[in-house]
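Here is a short briefing for a reader new to this structure. Take a look at the sequence and the model first.

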Amino acid sequence: MFKAIQKLNPEILHPKQIRASVITYWQKNHNLRQVQYMSGPKYVSSTERYQLNNLDNLQKKLEKLHPLNANKYEY
């Protein structure tokens, strides 16, 4: 099954990448304890390491404030 997935997306090098992306997706939609229960680790700290630390918000701020992004400035 993994070989078929790699044919669709050759950038996936290991099945752990799929697990990490699923857990990261769950964390966006559920609280930490629910994600811990769904993913199976004994300790919540194992689940916390998948958190993106609000990368989406940081990306938006970077796009807004970066000097090369001049079209966002009001003159």
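**Confidence**

In this predicted model, confidence is lowest in helix 5 (residues 55-65), at a mean of 73, and highest in helix 3, at 91. The score is pLDDT, the predictor's confidence in each residue, from 0 to 100.

- The protein has a mean pLDDT of 80. Of its residues, 79% reach 70 or more.
- Where pLDDT is low, the predicted coordinates should not be read in detail.
- Local features need pLDDT of at least 70, side-chain atom pairs count only at 80 or more, and totals for chains, interfaces and linings use all residues.

**Overall build**

- The protein has five helices and zero strands. Helices (H or I, at least four residues) and strands (E, at least two) are DSSP runs, numbered from the N terminus.
- From the N terminus on, the order is α-α-α-α-α.

**Helix 2 and helix 3**

- Helix 2 (residues 15-29) packs with helix 3 (residues 32-39) at an angle of about 150 degrees. Their axes, lines fitted to C-alpha atoms over the stretch in contact, lie 9 Å apart.
- The two helices are therefore roughly antiparallel (an angle over 145 degrees, on a scale from 0 to 180 between N-to-C directions).
- Helix 2 brings R19, I23, W26 and Q27 to the contact (heavy atoms within 4.5 Å). Helix 3 brings L32, V35, M38 and S39.
- By class, this contact has five nonpolar, two polar and one charged residues. Ala, Val, Leu, Ile, Met, Phe, Trp, Tyr, Cys and Pro count as nonpolar, Asp, Glu, Lys and Arg as charged, and the others, Gly among them, as polar.

Definitions and conventions: Residues are numbered from 1 along each chain as its sequence is written. Side-chain values use heavy atoms; hydrogens and water are left out. Angles under 35 degrees count as roughly parallel, over 145 as roughly antiparallel, 65 to 115 as roughly perpendicular and the rest as oblique.
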